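Please open the model in your viewer and keep the selection panel at hand. The stops below are meant to be taken in order.

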Amino acid sequence: MKCKQVKILLADYLDNQLSAKDRALVKEHCKHCSNCGEELVFLKTYKKEIASFPMVQAPADFLARLRKRIEKPAVGRTLIRVLFYPLRIKLPLEAAGVCALALIMVLIFNPFKPETFEYKSREPFSDVAQMHDKYADSRGVTEHRSGTNMPPMAAKEPRTKLKDGSIRSPEGKVAAEDADMLSGRKKAATKERDRKADDTPAQTGAITLYLARNAAPESETQSRESMADDEQAGQVASKEYDKAAQPMREEMKGRGEKAYIHGHEPAVTIIEDITYSLEGRIVRKVYDEKTKFYRLIIIELPRKNYTAFIETLAKTWTIRKQEPEKLPEKPERMRVMLNIGP
Amino acid sequence: MHKEVNNISQSQQEDYQLIKNFLADDMHAFDRLVTKYKDIVFNLCFRILGDFDDADDCSQETFIKVYNNLKKFRFQSSFLTWLYRIAVNTCRNRMSSLYNRMNKTFIRIGISPDFGGDPPDIRDSSYDPGALFEKNEQIKNIHAAIELLPENLKILVILRDFEGKSYDDISTITGINLGTIKSRLARARQRLRENLRGDR
C-alpha cells in the first residue's frame, strides 16, 4: 500500500471504520513508514485536542433579534429584492452594469445614427467630376488644353488611377485625390462647362471641318514605317517634317509673319503653326488612344483670317467637308473644330 | 448505538412535527426550532468564519432563510442536514463577499511580522473568542492552523473533525462526492500538520 492511500485511510483507521484487512495493511505500513507513522501520531493528538475544543454559544438575545429581523426586513435588502429579483428573474449587478455600459457606449458613439453627413459632404460638382472621369475612361481619350505647356509626346501619356484612389500624373507625381478635393471638383466642373461651350457651335458660331491627311513626304513615310517601334521615331520624323515644311516657313517669313515650330507630330504641328501665325490659338486637342493620333482639334482665330487659314491648311490637309458651308456673321473671333479622319 | 439511532429518529420526528406546525401558522414552533439549533448553527458559523460578529450575523441569516424556505422542505432528509447546508452556503457567501475579503486583507496587513509586536485588535472586543483558548496553548495553535486553511478544506475539516459528520452527510451538505471529500480531508490534515510544525 502506498503512502498516499494510507494517508487517506488514516482517519478511518482511528475511527475504526476500516475493514479488518485494510486495518492490518495500514497498521503494517505505519510500522515501517516513519512519515505515515508520524501522521498517525499527529492525528491521535489532534483528535484528542479537538475533543476538548470549547463550544461557543449563541448570544442570549439571539431569538429576539431574529424575530425583529423577520418581522421588519431591512429596507436595503427589500429594495434590492424589488429591483433585482422581480418575478424571480435573477438579474445580478454585473449584468446590470454591462447593460449600463452598453447604453453609455451607444449614447456616446451612436452607431445607429442615420448617415446624413455623407449626403451633406457631397459637393454639387462631384457628379460632374464623376461623369467627366467616366467619359474619359469609356472613350479612352486624353484631353490636352492649350496653355498647359505640356509637350505633345508627354501629353500622350494617360492619367493613371491608382488602387488607393490617387491619380498619377504623366510626370509620375502622385497626387492624393482627397487632398484639395473641393478645388479639384470645381476644376472638373469648370472643364465640363468649357467642354459644353466648346461643343456647341450655335453659341460660338463655330465651323466644323472634316480633314484627311495628305500623302506625307516620302522621307517622312519611310522613317515612320521603318522606325515605328523606335523611341527616337518622333524626333526623326520631326526633323523630316522640318525639312518638308521649310518652304512654307520661308514663305511665311517673307510675309513678315512668325513661324512656330512645335514638338514631334508634324501633321498636327503644322495646324498649330498656321493657327498661331494667323493670330489664333489652340483651344483644345483630343488625342485618341486607339488610333494613336489626334481626333479633334479646336482652334480659335479672327474671322477675317479664316480664308487664309483654309488656303494654307489645304496645302498639307485635304478638307473633305465644312459645316456649315456659309460663314457665320458673328462673332469676330470664331472657332473652328477640326475633325481629323484617317 | 441502537439507542442513539432511536434518539436521532425521535429528534427528527420532533423536527418534522415542529415544521408542520410552523407551516400551519404556529410561530412558536419556529421559535422552538431556533432555540433547539441556534447554538449548533452559531458554533458552526463561528468555526468557519472565525469571527463572533460575522458568526452572529450569518447564523441569523441562516434562520431567516429557513423561515422563508421552510415551505420547500420535502421531509425526505434530516432537518439538521438541511440546516447545515443552508448555514455552510451562507458562510461561503460571506467569505467570498467583498466586505469579508477586504476585512481579511486589512487584518493580515495588521498581523504582518514587519510591523512587530502583537496585532492590533480592530474587531469588536465585546466578545473575545481568543479568550476561549487561553487555557490551552495547543488548542489555540490548532485553531490558528485551521484558520490558515483554504475555504474548501477548512469547511470539510470543521464538518468532519469538529461536528463529527459522516462522509455521506458532508457530501449532502457540501455537494462534493465521497472520494473527493476523503482525499481533500487527507490533504487538509497534511497542511494542518505543516502549519502546526511551523508554529512550533
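Predicted model: local features only at pLDDT ≥ 70, side-chain atom pairs only at ≥ 80, totals over all residues.

Residues are numbered from 1 along each chain as its sequence is written, and chains are lettered from A and ligands numbered from 1 in the order in which they are written.

**Stop 1: chain A**

Select chain A and colour it by secondary structure, which shows 15 helices and nine strands; helices (H or I, at least four residues) and strands (E, at least two) are DSSP runs, numbered from the N terminus. Of its 342 residues, 17% are buried, a residue being buried if 20 or more other C-beta atoms lie within 10 Å of its own, exposed if 12 or fewer, and partly exposed in between, with C-beta atoms placed from the backbone. Among contacts in chain A with a separation of 6 or more, 63% join residues 24 or more positions apart, where contact requires that the two C-beta atoms, placed from the backbone, lie within 7 Å.

**Stop 2: where the chains meet**

Now show both chains, and select the 28 residues of chain B that are in contact with 23 residues of chain A. On the chain B side, the elements that give two or more residues are α2 (27–49), α3, α6 (137–147), α7 (151–162) and α9 (178–199), and α2(B) gives the most, with eight residues. That side of chain B divides into twelve nonpolar, eight polar and eight charged residues, with Ala, Val, Leu, Ile, Met, Phe, Trp, Tyr, Cys and Pro counted as nonpolar, Asp, Glu, Lys and Arg as charged, and the others, Gly among them, as polar.

**Stop 3: α2 against α4 in chain B**

Select α2(B) and α4(B), whose axes come within 10 Å and cross at roughly 35°; axes are lines fitted to C-alpha atoms, for helices over the stretch in contact, and angles run from 0 to 180 degrees between N-to-C directions. Among the residues making this contact are B:Val41 and B:Cys45 of α2(B) and B:Leu83 and B:Ala87 of α4(B). By class, the contact has eleven nonpolar residues, no polar ones and one charged.

**Stop 4: α3 against α4**

The contact of α3(B) with α4(B) has six nonpolar, two polar and four charged residues.

**Stop 5: the largest core**

Which residues touch the most other members of the largest nonpolar core? Select B:Cys45, B:Leu83 and B:Ala87, which do so within a core of 52 residues; such a core is a set of buried Ala, Val, Leu, Ile, Met, Phe, Trp, Tyr and Cys residues joined through C-beta atoms within 7 Å. Its largest share, eleven residues, comes from α2(B). Not counting residues up to four places away in sequence, B:Cys45 touches B:Ala55, B:Cys58, B:Ser59, B:Ala87 and B:Cys91.

**Stop 6: B:Leu192**

Finally, select B:Leu192 in helix α9 of chain B, which counts as buried because it has 21 C-beta neighbours inside 10 Å. Leaving aside neighbours within four places in sequence, B:Leu192 is in contact with B:Ala145 and B:Ile146. The C-alpha atoms of B:Leu192 and B:Val157 are separated by 9.8 Å, although the two residues are 35 residues apart along the chain.
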